Each structure stands twice: as C-alpha cells, then as structure tokens.
Amino acid sequence: MASELILKYMREEHLPHIWCPGCGHGILMRDVAQAVKNLGIDQEKVCLVSGIGCASRAAGYMDFQTMHTTHGRAIAFATGVKMARPDLEVIVIAGDGDCAAIGGNHLIHAARRNIGITVIVFNNDIYGMTGGQYSPTTPTGELGTTAPYGNIDRPFDIAILAAGAGASYVAKGTAYHAQQTIKLIENGIKHKGFSLIDCAGVCPTYYGRKNKKGGAVDMMKYQRDNTITVEQAAKMTREEKAGKLILGKIAENDFPEFSSEYQKIIDRVRKEER
Amino acid sequence: MKNKVLMQGNEACVEGAIKAGMRFFAGYPITPSTEIAERSAVRLPQVGGKFIQMEDEIASMAAIIGASAVGTKTMTATSGPGFSLKQENIGYACITEIPCVIVDVQRSGPSTGLPTSPSQGDVMQARWGTHGDHSIIAISPSSVSECYNLIIRAFNLAEKYRTPVIFLMDEIVGHLREGIEIDDEQEVEIIERKMKVRPDVLHLPYHVNEGEDVPRFHLTGYDIRYNITGLVHAEDGFPSNSNEVAHNLVTRLMKKIENNVDDIVEFEQKYCDDAETVIVCYGGTARSVMSAVEELRAKGEKVGYFRPITVWPFPEKQLKALSSKVKNIVVAEHNYGQILLEVQRIVKDCKIGFVGKVDGTVITPAEIIKAVEEVK
C-alpha cells in the first residue's frame, strides 16, 4: 500500500519508476516530495523542470506542473518559467552530468544572477542513463566505461562551484541522511534567491559495480560511515577529508533575487513614463 | 495616433512583436541582430514585459520556451551561428508544441563567415535545422514595414498552430532604414491561444478535438498539473514507447501545417499577367529584383516577380500555377542555391535560371537583369 506521501505527490499510474534496484534517486525524489509537503506549498504552484538523464525522469513521476526538457538546459528553461511566473515555486532536478557538464554554463550564470529557483542535484558521480561513463563528479582514479584505465579528470564539487558563482543558498545532502537532506531542501525552497542542494546519490548498477563498491546496501553504509558535517569538515585537512561526504549548509546569503529586481525596473520605468 | 517614423528593420520587428503581445524576450548579443535585443531591453519593461540577456544562445531559446509554456508570448533573435546553436531546443518547441518566435537575421556563413555581410544561407536550416521530422513556418520580410506587420503574423501563426515560427530576416532588411507608418490605434488581428473548454479532456494536454489539427491549451501553472516532455508522448503528455503513438504524433506535427497551407501561405506576385519570365525572390533580395523588373518593364520586357512571403511552407501550388503560364523562371537568392532546389522540384516545364551570391555583397539589379537575359 502506497504511503499518503506517495499518493499525494507522485503520479501513481506512472510508477514503478525506471530507476535500477538500489538506485538512490528514489530516496532523493521522496525527500523532495516530503520537503514540499512540510512547507505546505500547493502542488499547482510548484513547477518542476528537469533535463535529460536518470535524475530528470523524476519530472514524469512527481505530481506537480512538470517539464522534462533537453539535456543540460533545465535551469535555462526554468529561468524563463520564473521570469514569466514569479509566483510559481520553480524547482529543477538535475543529474551531475546534466547540470555540471553540458549544463554547467547555465548553472553558474543562474547562480550569478541569483534567480529564485531551487536546483536539487541527484549526484551519483556517473552517467547512468547511457550506461556508466565518467561524469564531471567522478573522482580521479575511478573507473567508467569511458575511463577504462582510470579517470584522470579532476572532479567538480558542484556545491562549491555554485557558491563560488554566487548562489545565495547552497547545501549538501546525501541519500542516506534523509531527515537532514529533507530539511536542507526545505530551506533551499524557502530561500528567495538561487538555491542548490547537491545530494549524493548511489548508483550500484554502473558506478558501484565498475568500481567494486559492493551492492546498494554497501554503498548506503559507506554514506552512513563516511559523512561529516560542514562544521567537522572545517576543522579537517584536505587529506583527512579525502573520501568523505559532507552534509549541511555550505552558504547562505541575502543577495537580491533576479526576478524581483526586474520587477523593480518595470515599476520604475512605468512610473517615469506616467 | 498615426506616426510616420524612420526606423530600422530590426527595430520595427520589436515594435511589431510588442503589438502582437510579446511580453518576454531572451537573447544573446550577435551581429547583425543585436538591435532587436537592445530595443527589446528598452521597450519591454515599458509595457510590463521582461527582457533577459542569457548566458548563451541555447539558454535564450530554452528560456523563451519555458516562459511560453506558462502562458507568455515570447521571442528570441539571433543570426547564423546562434541559429545553429538554438536548433535542438527549436525541436523541443516543435514536439511539445509550445509557440514562440525565433528571429534569424541571416549573415554570411558557414561558421563565423562574414559577420556583418548579408546572406540568405539559412533557408534550408530554417526548414530542417533541428533533427527529426517536423513541420515549421518561416516568414521572410522584404521591407521595414513588413518587419513590423509580418512579425505580428508570425506570433499569430505560432499561437494558432502551436509551433515555433522562424522570422527569417537578412542583414539587408535588418539594417535597412525606411520611413514607416505606425498607427497606435489601428486594429490589427491578434490571435490568442485557444483554450480547452471540454471538461472531459481537460486532463489530456495533447488531446485534439475532432475537426481540429492542433491541441488546445490548458496552461501549466494553473489548476491542472501537466507533464511536458521532448520524448514521444501520448495525448496525456507522458512518455510513450508505442510505435503507434510515435507515428501518430509525428504525422500530426507534419499535417497540422500541411493541412493548413492555404491559411498559412502568403506570397506576392507582380507584373505576372503577361510575363514570359518570372523571377522568384524573397527577403532583402526582392528589393533588387523589384528594381530590375521595373527597369526591364520600362524597356518593354515581359518580366514579373513571384515573392514567397512564407518561405516555409513554400507557396507550391501558386508557383506551379504561375509556371504553367510562363516560359522562364529565374531564382534570385543570396546563397548558392537553396530555394532553387524547391523551385526545381515544383516547376517542370520552364527553363530555370539562377542568380546567387556568396561573397557577402548585395545582388544588384544589373546582375539580375543579366540572369534574365541569359535564361531567355
């Protein structure tokens, strides 16, 4: 029997989802639903925009206004939605390849503009939909089908990237730490400017198997045993932090929000005209 | 109030767009279309609309689709390289049937080419630039007043047929300055999107009523929660792997334009009643042609011109009918021969001549006259 949360926030007729058994995306999608429920936002007022990849399929399952767009471009589509309808709560769900590789430019510029959308990254360190190629968050030395001899790229830290680009709320969650992650997503949605919550997922099928990380349970245990808080991380050296996941708020600032700033221009121009 | 103003084609296109109801513009600077973004930035807030300069061409295309999906009339403007970049998202607008207008002020290519020089090299890209089978509407203005009037039509057709419409300008028309008369109070036909009224199909965003070719709107952001996807989708808006659903969707996307060519197609022909030679031309090139035709007529030559205003769909029926009455057809276009291919496909019983150019200079009336003399 599906839970009340699922009945209300998921399109039951389109479930079960296409994600592999043990995938972390189901947990993260539930976290998003729980956050919206906790905030008491009308479903009609939520516009969920996604791009292409495993994570983007959440748009079809979640019972909001949903747009499943093109690869990497969800944030750009969402920018148009927010400008046209600032009253909508615009949420983007994106994968690591989707938002940090092909969509990297849109990510940093939306962060710079500080437009009031919330980006939730389902970050599994791999291109899952296409079968396990290394992504911009795959750690150096790990394997992917296109890194058969080990990845020599250096990975992005998407949260730090977004914060550096000017995002006014940035946090890191994990699939394992559901309660904390839900709270971080809630704070991100509530925040008026550009928010990003980088959520560590697990991909046992491609990333886990290729890199001998064990099964889904082992990968979740890894998250449980290797996650540190932002506060703990602040006191640790780079070497001590290696292999650790970070949980908590990375940045929060009161920068002006773009669509409201634009409304001020409209008001000013029209007043001067009169 | 009637105003006679001196205006550039690029500027007139913004004024027309605002008249048509454009309230959101997203763009990226590129020569020779930049004035469209600049004027939109000035004008939109004055009418309560919004302008945004996005980080790139792809993002601009995405943003106008996003804004249109929630009920705003939107436009972007670009030129050759930017038009190439927008293509993937134009395809998204095609399959999701989200209306929008894309202005392409053509310049010499390929690639960076001659950025400030005129060309009409994007005609086939306008038709087939995005991957996969799809229909499209492309309109090509020849004067500043047409930039104003035809962009209104571009918005109307976008809304009526739920399709991206390409406003295929060229550097000649974009940077041309002419006096035009703008009448603020003049009633012009403005088409708004047709909304769903039948309660039994409210939940089916892509349901098409019998006797109609286009699904009616029920906007995202209001009371019913829809899904929009670039995947093949059934009438409920959700992805489908069914071959039948795919066939029906792509066929309908093609047919909604094909079935309505008589409503969409617009063309002009002049001096054709007794003509032995007809020149086919469009956009900026038509101006040299008009001049050449008048010069030839003054000398007593039986020459006329045929000007597709909607380049896509091409006025096929009309050209076919005309070709049965004339001996020669000369295609004049600012490229290596793109509409020429279309004319060769349609016209079977005439001698066909061609005058084209790829050096970045305007085709002159003298060059057109020469081509007319050669074909005889």
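Predicted model: local features only at pLDDT ≥ 70, side-chain atom pairs only at ≥ 80, totals over all residues.
Residues are numbered from 1 along each chain as its sequence is written, while chains are lettered from A and ligands numbered from 1 in the order in which they are written.

Contact joins 34 residues of chain A to 38 residues of chain B; two residues are in contact if their C-beta atoms, placed from the backbone, lie within 7 Å. On the side of chain A that touches chain B, two or more residues each come from α3 (58-61), β2 (65-68), α4 (74-84), α6 and α13 of chain A. Helices (H or I, at least four residues) and strands (E, at least two) are DSSP runs, numbered from the N terminus. The largest share of this side, 8 residues, belongs to α4(A). By class, the side holds 15 nonpolar, 13 polar and 6 charged residues. Here Ala, Val, Leu, Ile, Met, Phe, Trp, Tyr, Cys and Pro count as nonpolar, Asp, Glu, Lys and Arg as charged, and the others, Gly among them, as polar.

Strands also pair between the chains: β2(A) and β10 (residues 227-229) of chain B are parallel, with 3 bridges. Two strands pair if DSSP finds at least two bridges between them. In this pairing, His68(A) stands opposite Thr229(B).

## The sheet of chain B

An open sheet of 5 strands in chain B has the order β11-β13-β12-β15-β16, with mixed pairing. Strands of a sheet pair through backbone hydrogen bonds, either parallel or antiparallel. At the edges stand β11 (267-270) and β16 (351-356) of chain B, each with a single partner strand, so one side of each has no neighbour in the sheet. On average, neighbouring strands of this sheet are turned by 20 degrees against each other, direction ignored.

Strand β15 (residues 328-333) of chain B runs parallel to β16(B), and 6 bridges join them. Val331(B) has Phe354(B) in β16(B) as its bridge partner. Helix α12 (residues 339-346) of chain B packs on the sheet and touches β12, β15 and β16 of chain B, its direction making about 160 degrees with that of β15(B).

## Helix packing in chain A

Helices α6 (residues 104-113) and α7 (residues 158-165) of chain A pack at about 45 degrees, with their axes 7 Å apart. Axes are lines fitted to C-alpha atoms, for helices over the stretch in contact, and angles run from 0 to 180 degrees between N-to-C directions. The two helices, α6(A) and α7(A), are therefore oblique to each other; angles under 35 degrees count as roughly parallel, over 145 as roughly antiparallel, 65 to 115 as roughly perpendicular and the rest as oblique.

The contact involves Leu107(A), Ile108(A), Ala111(A) and Arg112(A) of α6(A), together with Leu161(A), Ala162(A) and Ala165(A) of α7(A). By class, this contact of α6(A) with α7(A) has 6 nonpolar, no polar and 1 charged residues.

Glu257(A) lies in the loop between β10 (245-252) and α13 (258-273) of chain A. Glu257(A) is buried, because 21 other C-beta atoms lie within 10 Å; a residue is buried with 20 or more such atoms, exposed with 12 or fewer, and partly exposed in between, C-beta atoms being placed from the backbone.

Not counting residues up to four places away in sequence, Glu257(A) touches Asn114(A), Ile115(A), Gly116(A), Lys192(A) and Gly193(A). Glu257(A) and Gly116(A) are 141 residues apart along the chain, yet their C-alpha atoms are separated by 6.1 Å.
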